Amino acid sequence: MKGSLTIVGLGPGAPELITPAVTDALKDSTDIVGYSKYIERVKDASGKSFHPSDNREEIDRAELSINLALQGKKVVVVSSGDPGVFAMASAIFEVVDKKNISIDDLSIVVLPGITALLAASARLGAPIGHDFCVINLSDNLKSWDILKSRVIAAAKADFVIAFYNPRSKSRKNQLSEIYNVLRKNCKSDRIVIYANSISTESEAVFETTLSEADASSVSMKTLVIIGSSRTKKIRNTGYIYTPRYSGVEKN
Ligand code: SAH
């Protein structure tokens with residue numbers, strides 16, 4: 001029988017933020033592949049074969065899941081958040097592309113999940129209510145020059161900027177250097193938010209400004225959001241939002 005490969009997102013952490021489509025795909029699977037911490041989140045599904053692996057082994061994991069599906073298994077690959085946002089979907093399609101795998105050999109479906117930015121945004125209010133961009137600070141797949149040029153362009157264009165993977169084992173000072181780049185390219189009163197472990201028991205949100213921002217309290221579980229020049233806090237509610245307009249006068 002033709003196997004299937006379903007690439008799913010488990011959302012930011014809370015079980016109720018997993019979509020019904022993902023829950024159904026997990027129930028229907030024979031094999032579940034993913035980073036061991038994410039597999040832990042779905043382990044109560046009985047009668048399945050689990051294939052946990054280390055976080056860094058994305059291509060090995062992609063190859064394993066494709067091979068299992070080619071053997072006729074119903075494979076689900078789990079990512080946190082959304083599988084298309086700095087996660088397994090690209091790694092799998094890289095292998096599918098390289099190995100010339102045909103849709104006649106296996107069916108591939110991607111099921112979305114709530115990415116960390118959307119969960120953090122809802123928690124904070126509406127910080128991405130106007131134009132925003134998302135940058136991966138992990139440096140193992142792109143050069144520092146490319147990263148820096150993208151940060152400068154985003155700052156100059158006055159986007160709200162979200163940084164995924166703000167802490168890198170190989171470059172501990174990277175976020176501080178990024179703050180210095182930002183300070184040279186936009187006003188230092190911009191709001192900076194650290195959204196930690198959103199929707200989990202250890203959820204914590206911290207707010208500062210670009211001039212005060214200290215990168216040392218950031219971990220791999222933090223999403224860093226830099227407000228645009230318009231992002232602000234409503235004093236009486238604590239909510240942070242970015243107005244829907246810029247360069248257009250509104251009453
Ligand atoms: N595919 C995931 C992102 C994987 S990259 C998604 O769509 O959310 C891992 C990074 O995502 C972390 O370093 C952190 O910056 C962010 N992240 C993931 N879950 C998070 C959460 N619950 N709260 C805050 N940030 C989170």
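**Exercise 1. The shell around the ligand**

Task: How do the residues of the shell around the ligand divide into nonpolar, polar and charged?

Solution: The shell holds 11 nonpolar residues, six polar ones and two charged ones. Keep in mind that this is a predicted model. Next, pick out the nearest residues. Of the 19 residues around the ligand, Asp82, Val85, Thr115, Met220 and Thr222 come nearest.

**Exercise 2. Placing the ligand**

Solution: Start with the bounds. Domain 1 covers 4–114, and domain 2 covers 117–241. Both domains give residues to the shell, so the ligand lies between them.

**Exercise 3. Polar contacts and cover**

Solution: The cut-off for a polar contact is a pair of N or O atoms within 3.5 Å. Take the residues in turn.

- Ser80: a backbone N or O atom lies 2.9 Å from a ligand nitrogen.
- Ile198: a backbone N or O atom lies 2.8 Å from a ligand nitrogen.
- Met220: a polar backbone atom is 2.6 Å from a ligand oxygen.

On its own, the ligand has 550 Å² of accessible area, and the protein covers 91% of that.

**Exercise 4. Aromatic pairs**

Task: How many aromatic pairs does the structure hold? Is the pair of Tyr35 and Tyr38 stacked or edge-to-face, and why?

Solution: There are three aromatic pairs. A pair of rings is described by the distance of the centres and the angle of the planes. For Tyr35 and Tyr38, the centres are 5.0 Å apart and the planes meet at 90°. Planes over 60 degrees apart count as edge-to-face. So this pair is edge-to-face. Check burial too. Buried means under 20% relative accessible area. Tyr35, at 15%, therefore counts as buried. Tyr38, at 22%, counts as partly exposed.

Tyr194 is buried at 1%, whereas Phe206 is partly exposed at 43%.

**Exercise 5. A helix residue**

Task: Is Ile178 buried or exposed?

Solution: Locate Ile178 in helix α7 (residues 174–185). Its relative accessible area is 0%, so Ile178 is buried. Finally, follow the chain to Ala204, 26 residues from Ile178. The C-alpha atoms of these two residues are separated by 22 Å.

How values were computed:
Residues numbered from 1 in each chain as written. Predicted model: local features only at pLDDT ≥ 70, side-chain atom pairs only at ≥ 80, totals over all residues. Heavy atoms only, no water. Near = heavy atom within 4 Å. Polar contact = N/O pair within 3.5 Å; in protein donor to acceptor, adjacent residues only side chain to side chain. Areas by Shrake-Rupley, 256 points an atom, 1.4 Å probe, with all protein chains shown as cover. Nonpolar A, V, L, I, M, F, W, Y, C, P; charged D, E, K, R; others polar. Domains from an automatic or database assignment. Phe/Tyr/Trp six-rings, centres within 6.5 Å; stacked < 30°, edge-to-face > 60°. Buried < 20%, exposed > 50% of the residue type's maximum accessible area, 1.4 Å probe, protein only. Helix = DSSP H or I, 4+ residues; strand = E, 2+ residues; numbered from the N terminus.
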